[in-house]
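Me: I'm new to this one and would like a close look at a single part. Could you walk me through it once the structure is up?

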Amino acid sequence: MSIIIEGLNKIYPSGNHALKDVNLTIPSGMFGLLGPNGAGKSTLMRILVALMEPTSGKVSMFGYDLRTQKKDIRRILGYLPQDFRFFAKYKTYEFLDYAARLSGITNSRVRKQKVADMLEQVGLYDARDRFASRLSGGMKRRLGIAQALIHDPKIIIVDEPTTGLDPEERIKFRNILTNIAEHDVSIILSTHIVGDISSSCTHMTLMNRGQVSFFGSPEDLLKAAEGSVWLIHANDEEFHEIIEKYPVVATIPAEKGWDVQVVTKDIDPRYKAEAMVPNLEHAYVHFIDTTFNEWSNA
Ligand SMILES: Nc1ncnc2c1ncn2[C@@H]1O[C@H](COP(=O)(O)OP(=O)(O)OP(=O)(O)O)[C@@H](O)[C@H]1O
Ligand SMILES: [Mg+2]
């Protein structure tokens, strides 16, 4: 087991209780941290990379204690924050060289080689002379992952790396992560995009309002939602009732009325409803159910 989190709480000075008694054991491999805005994903990650102190609780990473062995932990850890920015003065290769120097690679020949390899690995070699701050969103994210990997960490923590990327860039980014994972680097990836989890993670957790509401494999998440997803054939009047009553995942106009997909444990037998095989998006809604209206209206 690579990371053991016990009884973790974070209360910000503002009084915001962002993590509420989080207990998690994160295995090696690719781990997905899924949750809506404000769930506490970034808070948890900032604590794991030793940038912020928890209010209470214990974290052990590869056997190191987060309270007393921060230096050791930083050595084996790479981090790509959610709001990563580049200084305007650096070209792409210069930025990476700077990151390499910071991480303690002092030999300039070694560093040059490392930077070139890294640029190659994330598909930025041809863009090495461009200013980092002027790269496209997807390229910036790839440069961000390169700086997190420059010192050969055992584990990297990436906070919402695919938000705002087009599908092609998201796929590129995911492929880079999969490639890294094959080289025995563990990855913790946070996202609110359900599709990022299904294609890459062996284990995952679902967080909501500072609490863990699910832990397991993406397949387990699907199983847990079985029997809670329905396709209702509704007339206009029923349709208006249904959208008030249940979390709706999809609405398709039908010949007479509507075909509505909803997620609920107790479906009203009055409706013409068929059980559906859940997909991950359904399962996500199933677990976030209680707060559904808040985030769907946000
Ligand atoms: N510096 C801070 N001071 C006070 N409250 C904060 C601070 N940072 C985050 N919070 C609050 O803590 C809670 C969790 O925020 P956090 O950023 O960890 O969520 P998140 O899951 O990363 O959300 P997102 O998907 O929007 O990035 C939210 O209610 C947020 O408003
Ligand atoms: Mg966040």
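Which residues are buried in α5?

Reply: Happy to, and keep in mind that this is a predicted model. In helix α5, the buried residues are Arg141, Arg142, Leu143, Gly144, Ile145, Ala146, Gln147, Ala148 and Leu149. The helix itself covers residues 137–149, 13 residues in total. From first C-alpha to last, α5 reaches 19 Å, close to the 18 Å expected at 1.5 Å a residue.

Let's zoom in on Ala146, one of the buried residues of α5. If you skip its neighbours within four places in sequence, Ala146 is in contact with Leu96, Met118, Leu119, Val122 and Leu124. Ala146 also turns up in the largest nonpolar core, which has 79 residues. Along with Phe31, Leu96, Ile157 and Ile187, Ala146 is among those with the most contacts inside that core. Domain 1 (3–216) and domain 2 (223–297) both contribute residues to this core, so the core lies between them.

For another part of the model, have a look at the open sheet built from 4 strands, in the order β12-β13-β11-β14, with antiparallel pairing. At its edges are β12 (248–253) and β14 (272–275), each pairing on one side only. The twist from one strand to the next averages 20°. β12 pairs with β13 (residues 258–263) over 5 bridges in the antiparallel sense, and Val248 has Val262 in β13 as its bridge partner.

Conventions. Residues numbered from 1 in each chain as written. Chains lettered and ligands numbered in written order. Predicted model: local features only at pLDDT ≥ 70, side-chain atom pairs only at ≥ 80, totals over all residues. Core = buried A, V, L, I, M, F, W, Y, C linked by C-beta atoms within 7 Å. Buried ≥ 20, exposed ≤ 12 C-beta atoms within 10 Å, placed from the backbone. Domains from an automatic or database assignment. Contact = placed C-beta atoms within 7 Å. Pairing = 2+ DSSP bridges. Helix = DSSP H or I, 4+ residues; strand = E, 2+ residues; numbered from the N terminus. Axes fitted to C-alpha atoms, helices over the stretch in contact; angles between N-to-C directions. Expected span 1.5 Å × (residues − 1).
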